Amino acid sequence: EVHPLTPKDQRNTHQTEVMQTARKKFRTLTGGQVYVIDLTSGFGGGGTASPLQIVLQHQDLDRLARQQAQVMNWMRAQDAYVGVRSNLKMNKPQVELSINRDKASQMGISVTEIASTMRYLLGDVEISEIEQQNERYEVIPEIIGEGRMVPDDLRRLYIRNGEGDLVAMSNLVSIEETIGPSEIHHFNRLRSATISASTPPDVELGTALNDLKTLLDENLPSGFDYTITGQAQDFQESFYYLSIALIFSVVFIYLVLAAQFESFIHPFTILTALPLAGIGAFGMLWALDMSFNIFSFIGVIMLTGMATKNAILLIDYTNALKEQERNSFEAAEEAARVRFRPVVMTTLSTVLGMMPIAFGYGAGGEARAPLGVAVAAGLLATTVLTLVVVPVIYTLMDQFQNWLLEKFGRKRKREVRESAG
């Protein structure tokens with residue numbers, strides 16, 4: 001019977017704290033293992049059972065099982081993993097028969113005859129068909145004995161050789177009782193074992209994943225391979241594609257600014273607002289002990305466009321003042337003073353609009369909170385620092401641009417005079 005948690009507004013304990021409390025209580029149980037999982041992302045929720053999944057691959061099941069046990073024992077000894085389990089379970093009793101080929105040859109019995117006998121005994125082989133009342137039925141041989149068969153029953157079997165004599169199976173084979181896998185799983189056509197685990201609330205999935213990858217890279221024997229699957233794979237792929245999106249956003253911003261200002265130098269001045277915004281975004285996430293997850297990454301991408309807005313207002317007015325025969329120092333100073341009010345007004349309006357997200361209101365608000373915090377803190381930081389740092393960078397870039405024009409301009413004039421002479 002499943003008893004769901006009471007609504008969030010009716011309890012003081014977070015869901016992760018309830019799960020951790022349950023895990024601590026179930027650790028005292030003996031004779032079994034208990035796993036505490038989130039149904040919204042696991043069984044019944046349509047997602048993967050655990051956020052962390054590693055697939056070990058090797059053709060030898062025995063070596064695969066031993067290596068799996070070593071990895072699982074290491075994970076269980078760490079505090080960063082909970083609910084460690086695997087889908088490869090070596091718990092199915094089985095019987096292994098080894099044929100004594102020399103004895104079988106002496107008795108006039110081939111290996112094929114021994115294999116066929118075992119096949120008809122255990123394989124439910126169809127040997128014929130009968131028809132009755134327009135219905136066709138398969139004929140399958142069955143050994144009738146007292147109850148279910150046991151390994152000793154194999155020793156009491158007899159095989160008739162070519163001379164018609166009966167030979168006991170016990171004289172031809174050696175029987176060993178072992179255990180094997182209940183199921184044999186494959187991944188990319190190779191035998192595999194999937195190790196699944198979750199992480200405690202105070203451990204980030206990326207940290208736990210990197211530690212496990214380091215262990216496997218350093219200690220996995222030759223012939224073994226591993227693959228990251230489940231939410232951990234989605235985590236890596238999402239961060240990869242978001243990183244590409246962030247790079248392209250910066251490139252597109254630069255190209256648009258270069259076309260707008262008709263300069264390849266001043267767009268770099270505007271782009272200095274991006275690291276200033278990153279200081280505020282990452283600093284606030286660290287101060288509030290929030291993770292840098294998919295939502296906060298999306299917030300950083302949004303911040304790239306918002307952060308350059310203030311710098312554009314400042315640089316555009318500075319260029320307008322320079323066209324009025326002002327030098328770069330005076331133009332930058334006056335632009336910062338005149339644009340101060342619109343910069344602050346637009347920033348405050350945007351930050352206040354992000355506050356409901358940053359405070360995590362509504363269902364699932366805790367997951368979206370890092371996005372609001374990253375955007376709001378990044379905008380505040382870039383606003384304060386833009387009014388101080390960007391004018392300084394602008395004057396330096398302007399001097400650098402004038403130096404380039406003067407140097408290459410003189411060189412061009414000299415070449416023109418030489419060619420004319």
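Predicted model: local features only at pLDDT ≥ 70, side-chain atom pairs only at ≥ 80, totals over all residues.
Visitor: What makes the pair E131 and R136 a salt bridge?

Guide: The closest N and O atoms of E131 and R136 are 2.9 Å apart. Residues are numbered from 1 along each chain as its sequence is written, and side-chain values use heavy atoms, leaving out hydrogens and water.

Visitor: Which residues are linked in a network of salt bridges?

Guide: That would be E129, E131 and R136. R136 also pairs with E129, with closest N and O atoms 3.5 Å apart, and that is within the 4 Å limit too. By this rule the count comes to two salt bridges.

Visitor: Why is R136 called exposed, and E129 partly exposed?

Guide: Exposed means over 50% relative accessible area, buried means under 20%, and partly exposed is in between (1.4 Å probe, protein chains only). R136 has 55%, so it counts as exposed, while E129 has 37% and therefore counts as partly exposed.

Visitor: What makes D60, D62, E96 and E176 a patch of negative charge?

Guide: These residues gather on the surface. Asp and Glu count as negative, and a patch takes residues with over 30% relative accessible area and no salt bridge, joining like charges within 9 Å and nonpolar side chains (Val, Leu, Ile, Met, Phe, Trp, Tyr) within 5 Å. E96 has 38%, so it counts as partly exposed. You'll find E96 in strand β3, residues 90–99; strands are DSSP runs (E) of at least two residues, and helices (H or I) of at least four, numbered from the N terminus.

Visitor: Which residues make the nonpolar surface patch?

Guide: Y240, Y241, I244, I247, F248, V251, F252 and L255 make it, and it covers about 840 Å². One of them, I244, sits in helix α7, residues 230–261. I244 has 32% relative accessibility, so it counts as partly exposed.

Visitor: How do you know that the span of α12 agrees with what its residues should give?

Guide: The expected span is 1.5 Å times one less than the number of residues. Helix α12 (residues 340–358) has 19 residues and should span 27 Å; its end C-alpha atoms are 25 Å apart, which agrees. V343, T347, V351, M354 and A358 are buried in α12. An α-helix has 3.6 residues a turn, so residues three or four places apart point the same way. Just after α12, G360 takes a positive phi of about 75°.

Visitor: How far does helix α9 reach?

Guide: α9 (residues 273–287) has 15 residues and reaches 21 Å from first C-alpha to last, close to the 21 Å expected. Its buried residues include A273, L274, L276 and A277. After α9 comes D289, with a positive phi near 55°.

Visitor: Why is N188 called exposed?

Guide: N188 has 61% relative accessibility, so it passes the mark. N188 is in the loop between β9 (185–187) and β10 (190–198), and its phi is positive, about 55°, although it is not a glycine. R189 is found in the loop between β9 and β10, with phi near 70°, again positive without being a glycine. R189 has 80%, so it counts as exposed.

Notes: Areas by Shrake-Rupley, 256 points an atom, 1.4 Å probe, with all protein chains shown as cover. Salt bridge = Lys/Arg side-chain N within 4 Å of Asp/Glu carboxyl O. Charge placed at Lys NZ, Arg CZ, Asp CG, Glu CD.
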